[in-house]
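Here is a briefing on the model shown below. Topics are grouped for quick reading.

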Amino acid sequence: MKNWFTSSPSSRPLRIAGRVGLFAALALAAIFSVSCSRDGGSQAKPGSIAVFVPGVVSGSPIYEMLVAGTQKAAAESKGSTVKVLEGGTDQAQWPEKLTSLAATGQYRLIVTSNPAMPEICAGISEKFPAQKFLILDGKLEGNKNIATVMYNQREQGYFDGYLAGLITKKLVKNGKPHRIGLVAAQEYPVMNEIIKPGYEEGAKAADPAVTVDFRVVGNWYDAAKATELANGMFANGVEVVLTIAGGANQGVVAAAKQKDRKVLWFDTNGYATEPGVIVGSAVILQDRAAYGKVKSWLDGKMEFGKAEVVGIKDGFVDFVQDDPLYLKAVPEDVRKAQGAMLESVRSGSLSLPVQAAN
Amino acid sequence: MISSIVDIMTPFLLAALGGLVTELAGSLVIALEGFILVGAFVALAVAGATGSALAGIAASAVFVTAAAWAFGRFTIGTKANIFITGLAVNLFAAGLTAWASAVLFGTKGVVKPAGLEPLARLSIPAIERLPVIGGLLSGHTVFAYLSWILALALAVFLKRTRTGLRIRASGMDAQAATVRGVDPDRYRLIAISLSGFFCALAGAGLSLGAGAYIPNISSGRGWIALVAIYLGGRTTGGVVAASAVFAVAEYLSNIAQGTVAIPGSLLLAFPYLVTFAVFVGYAIYKKGRGKLD
Amino acid sequence: MSPELPAAKKKAAAESRWGFPAGLKAPAIAIGAALAAAMGFIVISSGNPLDAIGFFFSGPLSSPYFFGNMLNETGGLILTGLGVALAFRSGCFNLGGEGQAYAGGFVATMILLAEPAWPGWLGIATACLAAAAAGALVAGISGYLRARYDADELISSFLISSALLPVIDYLVSGPLRDPGSNLLATKAISPAFRLPSIMPPSHLNAAFILAIFLAVGMRFLFSRTVFGFELRITGGNREFARAQGIDPKRYYILGMAGSGAFHALAGALAVIGTYFTCHKGFSSGLGWNGIAVALIAGNAPLAVIPAALVFSYVDAGASSAILHTDFSFEAGSLIQAAVFLFITARFTRARFARSHFAHSHFARVRFGRKP
């Protein structure tokens with residue numbers, strides 16, 4: 001391996017090469033900047049929307065829904081356009097990329113989604129006071145350029161937990177410990193302060209003896225590691241695992257399938273991912289939220305400066321009960337109990353308010 | 001326990017064996033990570049289309065070996081810096097699999113062909129229940145067995161066959177090899193192609209094991225495999241031992257996550273610390289034995 | 001520096017020395033090929049290739065904001081590139097740059113958060129020195145293990161770095177996270193500790209000038225000091241160094257420690273110049289890209305500057321094409337890949353001829369010595 005560096009081309013030609021490269025680039029750039037300088041003068045057209053994705057769209061259902069909902073609303077409005085900009089997963093880069101987007105001045109509205117985005121957008125808003133932001137999955141009140149919609153993820157975690165508790169109570173017998181699993185890609189404020197406690201709270205409501213086995217993959221894609229983590233849980237007597245680990249979820253599913261255990265899904269309807277193995281899906285209807293909000297903006301009805309929190313009652317968080325695969329995979333008594341609990345939240349007799357995680 | 005360790009170890013070992021050949025040939029390839037990723041994708045795509053895991057494995061091996069050959073041909077032919085072209089391969093692998101995935105499956109995210117089961121584990125009834133040996137020999141996917149057979153085959157190949165000896169000669173003293181009529185570039189190209197073959201298997205094991213392709217599924221295994229080559233003292237047996245060390249450390253960290261009161265995120269550092277400790281301990285031991293530089 | 005030769009002899013002499021014609025031709029072809037490949041990718045992957053190519057080249061220069069940010073990225077890469085080059089020149093390979101840069105930024109942040117009332121210059125100087133010391137310590141361990149136990153510094157630096165990353169990740173997003181924020185980051189440092197901005201509103205700041213100075217300084221160190229001379233001798237040929245009465249071990253430790261200090265400084269300056277807080281994973285890529293930059297520059301300190309510039313230009317150009325056109329995110333990394341593939345390639349006449357020792361790249365790698 002040592003031979004990489006002694007091999008390097010001599011410094012002198014490279015130094016010259018650097019100069020040549022720079023000159024070539026500068027010359028080309030000069031040519032192109034003349035031919036491409038038309039973006040400077042153009043003003044943002046009405047209905048021009050940009051979606052800033054703090055991550056990458058593909059493989060991330062939350063962002064896929066964000067884009068789909070925004071595009072759907074734009075398609076229904078004449079002349080409305082949607083530009084999608086992916087910011088990548090390095091959080092430190094988001095402010096710079098979002099600033100570039102705002103600096104183009106070509107978009108009347110920037111739509112984005114992430115709990116960290118409100119403060120980033122607020123900072124950018126100071127420099128670009130004409131720019132409006134719609135932020136989903138985040139909360140900020142009182143900035144006249146920013147509207148936010150936060151989901152009640154305590155409810156979301158609660159209902160996956162409640163089902164996990166019900167199943168564990170039913171399956172684990174003979175005084176063995178009642179354990180449920182939670183595999184997370186990473187630890188982050190919303191995970192540690194809202195989702196995990198909500199999951200535990202829900203599980204304990206169904207089965208007070210339950211404890212949560214919480215493990216972290218370290219990234220969103222290492223399926224083999226997720227398999228090992230899930231197998232470790234199964235060895236400890238865990239029957240049901242909630243997995244919130246992006247692509248690495250597939251590793252949990254593969255492990256559960258081979259060991260005949262159950263998996264709970266988060267954010268999207270996952271029953272079809274592995275019928276019979278996925279027994280619950282607590283979803284966020286981000287596409288619906290994005291569609292509704294963008295549409296109200298296009299109609300001139302959006303109130304900026306407002307921070308909404310929406311949950312099961314409002315129809316933006318749900319537990320999917322009507323999927324035939326759910327009906328098939330989960331025994332009737334469990335489904336009934338789960339349905340009754342959901343009903344009590346819908347009717348307002350059980351309230352699970354959420355605070356923004358900080 | 002042993003069974004889990006073997007599972008964790010398999011992809012590291014396969015990739016490290018591939019890297020070892022190139023290191024011995026004097027042209028270490030750092031593109032293992034990219035090869036693994038492409039191997040994982042091709043294996044899953046073909047297995048999904050044909051319904052046959054075997055076809056997927058074969059296609060992956062052929063494709064990535066060919067890709068590695070092309071990479072080697074280009075790098076050697078243009079006398080480019082193999083570290084930089086290796087970085088290029090890693091970047092290409094991520095971009096091209098995303099592109100191919102979008103074209104073939106309409107998504108750049110998770111690809112999970114309907115009806116494709118996670119790869120079956122072979123259990124050997126007679127041995128299964130034995131302590132240690134049971135976990136070692138039973139309950140794995142075909143890749144675990146393949147990795148051992150290939151490790152053994154590679155050791156014999158490098159020590160006993162003409163091509164193997166010439167590969168090592170190319171790395172040891174290219175000048176002397178040339179004088180003796182051995183063209184080092186030729187044997188380096190063979191070595192680089194072989195690394196593609198091994199990494200294809202490592203990748204196929206990852207994606208077929210999960211029954212799905214996930215972007216970035218290689219998750220840095222190609223880099224750890226590079227460590228294993230040196231930790232293993234550039235010998236086949238050493239590489240096996242080094243992969244085992246890392247697998248044990250990784251296993252302990254996975255187990256500790258559910259049992260020890262240390263935050264899981266912090267435990268992610270544990271495998272590297274253990275490997276580091278073993279590495280330093282071994283170096284001190286070797287020094288103590290008087291094996292001086 | 002090689003002496004100037006008459007033009008007629010130049011080619012032949014250089015041919016025997018480097019294996020490819022000296023001067024502009026070969027590297028120009030390489031860079032041309034790299035850019036052509038990049039453009040090829042744009043043409044294939046974009047629905048509107050002319051626009052995409054236009055924005056790729058003009059974007060980084062289209063406004064002070066983009067230009068400044070590109071130079072700011074260049075500054076960081078110069079520092080890590082210098083760090084890698086310093087290790088290479090001493091005969092070591094520092095593969096732990098990622099962790100060292102992260103640790104540097106982390107240490108600087110911690111100091112500045114602990115002493116918010118210090119005067120700006122004192123805080124900045126202390127933070128930079130402490131970060132550099134931390135980086136030197138982390139990488140110096142690897143140098144020491146190499147010198148004392150002959151333990152490969154490449155492996156140990158990689159392992160230490162890989163262990164550091166999750167630990168700092170945990171601290172920054174766990175116990176030390178700013179509880180008033182949803183970012184995975186520590187509290188922001190006091191505005192008094194921010195480096196002076198050069199081209200607002202871009203992120204370009206005094207760190208860039210410092211990076212240039214350090215590049216010149218390292219050039220001076222290598223060419224004009226006994227230390228630099230001995231360090232290069234050690235890196236070039238260990239036995240020869242010994243024969244000259246130079247203790248190679250000293251230079252392994254100092255080379256690695258210095259390399260770590262440069263990486264950590266890059267991290268610290270990114271915090272006090274650009275981010276003003278320690279984001280989780282803010283330094284990701286600094287170390288790896290530093291290796292690429294150093295290798296493209298042939299480990300010559302001054303050549304690191306254009307190499308880093310080419311690197312960040314490609315990066316900024318891709319970002320610009322993504323921002324303004326339908327150009328996709330991963331296509332940006334394909335452009336970088338295309339550049340990497342060709343940037344060190346040499347398209348000589350003998351390109352696909354079966355080569356023998358004299359022409360063998362790898363042989364030269366192993367036995368070749370730097371001038």
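Which residue in β9(A) does Val241(A) stand opposite? Val241(A) stands opposite Val263(A). This is a predicted model, in which local features need pLDDT of at least 70, side-chain atom pairs count only at pLDDT 80 or more, and totals for chains, interfaces and linings use all residues. Residues are numbered from 1 along each chain as its sequence is written, and chains are lettered from A and ligands numbered from 1 in the order in which they are written.

**Sheet in chain A**

- Strands β8 (residues 240–244) and β9 (residues 262–267) of chain A run parallel and are joined by 3 bridges. Strands are DSSP runs of E of at least two residues, and helices are runs of H or I of at least four, numbered from the N terminus.
- An open sheet of 6 strands has the order β7-β6-β8-β9-β10-β12 (chain A), with mixed pairing. Two strands pair if DSSP finds at least two bridges between them.
- β7 (211–216) and β12 (317–319) of chain A are at the edges; each has a single partner strand, so one side of each lacks a neighbour in the sheet.
- From one strand to the next, the twist averages 20°. Axes here are lines fitted to C-alpha atoms, and angles run from 0 to 180 degrees between N-to-C directions.

**Domains of chain A**

- Chain A splits into domain 1 (48–151 + 288–299 + 301–310) and domain 2 (153–283 + 321–347). The bounds come from an automatic or database domain assignment.
- The centres of domain 1 and domain 2 of chain A, taken over C-alpha atoms, are 30 Å apart.
- In chain A, 6 residues of domain 1 are in contact with 8 residues of domain 2. Contact means C-beta atoms, placed from the backbone, within 7 Å.

**Chain B against chain C**

- The contact draws 43 residues from chain B and 47 residues from chain C.
- On the side of chain B that touches chain C, α4(B) gives the largest share, 10 residues.
- That side of chain B has 26 nonpolar, 11 polar and 6 charged residues. Nonpolar covers Ala, Val, Leu, Ile, Met, Phe, Trp, Tyr, Cys and Pro; charged covers Asp, Glu, Lys and Arg; the others, Gly among them, are polar.

**Chain C**

- Chain C has 15 helices and 0 strands.
- Of its 371 residues, 64% are buried. Buried means 20 or more other C-beta atoms, placed from the backbone, within 10 Å of the residue's own.
- Buried residues of α9 (residues 226–236) of chain C include Glu230(C), Leu231(C) and Arg232(C).
- The buried residues of α9(C) pack against α4 (64–89), α8 (206–224), α10 (238–243) and α11 (248–275) of chain C.

Technical notes:
Two residues are in contact if their C-beta atoms, placed from the backbone, lie within 7 Å. A residue is buried if 20 or more other C-beta atoms lie within 10 Å of its own, exposed if 12 or fewer, and partly exposed in between; C-beta atoms are placed from the backbone.
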